[in-house]
Amino acid sequence: MLKTIIKRDGRTAEFHPQKIADAVEKSFQACAAMQDRATAEQIAATVVEKLESGAIEGTPTVEGVQDLVEETLIESGFVQTAKAYILYRAERSRVRDVNSRLIQTLKDITFSKAADSDMKRENANIDADTAMGTMLKYGSESAKQFYEMCVIDPRYAKAHREGDIHIHDMDFYTLTTTCCQIELRKLFKGGFSTGHGVLREPNDISSYAALACIAIQSNQNDQHGGQSVCDFDYGLAVGVRKTYRRLFKKHIAEGIDLLTDIADDRDFAEKTLARIEEETGTIASLEMDADFRAAVVAALVEAGADEATADRIVAYAEKNASRDTDRQTFQAMEALVHNLNTMHSRAGAQTPFSSVNYGMDTSPEGRMVIKNMLLATEEGLGSGETPIFPVQIFRVKEGVNYNPEDPNYDLFKLAMHCSAKRLFPNFSFLDAPFNAQYYKGTPETEIAYMGCRTRVMGNVYDPDREVTPGRGNLSFTSINLPRLAIRAKGDIDLFFDLLDSKLQLVTGQLDERFEIQARKHVYNAPFLMGQGVWIDSEKLSPTDVQRDVLKHGTLTTGFIGLAECLVALTGQHHGQSPEAQRLGLEIVGHMRSYCDRVSQERGMNYSLIATPAEGLSGRFVRIDRERYGVIPGVTDRDYYTNGFHVPVYYDISAYDKIALEAPYHALTNGGHISYIELDGDPSDNLEAFESVIRYMKDCGMGYGSVNHPVDRDPVCGYNGIIEDVCPKCGRSEDAHNQPFERIRRITGYLVGTLDRFNDAKRAEESQRVKHAVPMPESAE
Ligand SMILES: [Zn+2]
């Protein structure tokens, strides 16, 4: 009589024939075979007979027994049931595979160094060698595998696993939405709560700046993607105004004390200014109201000062209040940049993905914010390091800052000066037709970009609310374009058929994820929703679901590798041939029309993004190379080209690259960016830098930036380009055993060290060619 059996892990266990009967019974049920328990037990008994008559030599294994069960079912005429039984086994072993894969992943996280593991370097802004970074990785990897196995529809999970599509930020599948455009003015009005007490409406620029950081940090805990302030200049200008008012009062009191016999200077200044504010309905400000000023002079004369002295006191207060406000604004911006590069979020493992948009506020206070933000950025962090955060976006617009006669022209020039040294700000273009169409002269209709390139503006759900504040992307999923082209083998019609089926698949998956997000309650996102950061969330109570307000957000389809896709279809990419460019525009245009059509049908915002390929550029190509081999120009590198970009390794002038990529900006309403790589230090050639930015605008781009090397020697503090030897102190990298810092931009974010890049991104970075900027004769 058979007593034991060998399990998969090699251990011996008791043999129970009823377990065979259980499995067979389940298989009967699965294929709706009208058989009862008795039949199942009969099958099990036959299997036991076979075992006892020596069908398997020695102690049987689980697999061996299962083979016998299958055989017996087929012999007994239960062919369908045998099939169901095979499926049941396959399913069980898949679950076992996932379990062992999870264990293997957890081992990797625990025992391998980030330097040796691509998985640990997936996000370059997380140090996966730290305790909190590791803890985050445990959670993230376990969550991904759990969702893949138990939550996501198997069709989508399979497409993701096999590299047809990529579901971004899958570890947050059931938890959060991606990103949000935060409006500071709304947030500051009346103060807000971070969960540990209410913060009152702030009273000067330093508290405004500090609270802006706290808002970004708090919101980051409720979302997995970027936090973008959409009204940075307008929002902080309020703080500058309050600061000036306070300082003016202080300096008036000083003047009274020094130059008059008026007793109790502070009390006098306090009461007098309060009265005049009440009477004139205005306050002391950088742009001083003439009546206000006259009233202050008159009050001083009335209190006994002579006319000349009274005027002198006011002039003294104006001059000093203005100077001190400027200095305090600079310090506030310096502190803000410092905070955003050091404060942590997400279980303490990384700084928030912060972005700030500015450039359009022409008030003296807004201008002071912009100017000092740029100066603080250009100065760098404590030891002159280049700030990684926030991603800064300077809005360019004719009539505001683009031409010499424009009020903020000086700030546009300063922005380019800063960017030529520090890589930020990037530049967004409000005159591009697809951005201009929404602009109605108000801050909330100015386009905003998320650092990584996300853009949320049009609103099919509520066409009256085509505004930036409080909206963001809900989730996005990318299509592997090169694979579709490889499969189509040059057949363009087939390619478009395959593309359509993937577009439908992605929409279905985005809908599935939206259903999960929509059922979350306000209390699940205590800051984003609880504090009214997200549009209309202030109208909800904590136990309401998020569904309706989330519909202001976007469900976004992304794509990667247009260049390799075109090579696979036509033999050339869009940098090489006009035909390829035409086809490229047709492909991206096709995807966009699909998204527009679905938006109209469902009354929700489906948009198209040129995917920021963090973590993805290498994954698709690795899977495709395994499957289809090395195809020249397609799978022969370690990465697929970002979105619609002309390949980084392709030699092309800056102007040609801009002209080729610009039309894709108009098609990708969910986000886009173009980069130009400049050689050398553009600070020494600002003309070239400026001509690139201006050409981007002329060609109708929405968002662009210039990459150039920014190195720093932490030993002597030199900032600039360092080849092998530091030009300032002459040391090489080996001396002092301290590497040079090399700031590079990877999919939109600056990264301070190449160590944390994954292999694909390192390969991409090393193959970038510089784009020549031919200058006209007159500019020489
Ligand atoms: Zn040095």
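Strand β3 is joined to strand β11 (residues 473-480) by 3 bridges, and the two run antiparallel. Strands here are DSSP runs of E of at least two residues, and helices are runs of H or I of at least four residues, both numbered from the N terminus; two strands pair if DSSP finds at least two bridges between them. Within this pair, Ile 165 stands opposite Ile 479 of β11.

The model is predicted, so local features need pLDDT of at least 70 and side-chain atom pairs count only at pLDDT 80 or more, while totals for chains, interfaces and linings use all residues. Residues are numbered from 1 along each chain as its sequence is written, and side-chain values use heavy atoms, with hydrogens and water left out.

The pair belongs to an open sheet of 4 strands with mixed pairing, in the order β3-β11-β12-β13. Because β3 (165-167) and β13 (605-610) are at the edges with a single partner strand each, one side of each has no neighbour in the sheet. From one strand to the next the twist averages 25°. Helix α17 (residues 492-518) lies across β3, β11, β12 (554-560) and β13, at about 155° to β11. Such angles run from 0 to 180 degrees between N-to-C directions, with axes fitted to C-alpha atoms, for helices over the stretch in contact.

Elsewhere, strand β16 (residues 710-712) contains Val 710. Leaving out residues up to four places away in sequence, Val 710 touches residues including Thr 386, Leu 423 and Ile 743, where contact means heavy atoms within 4.5 Å.
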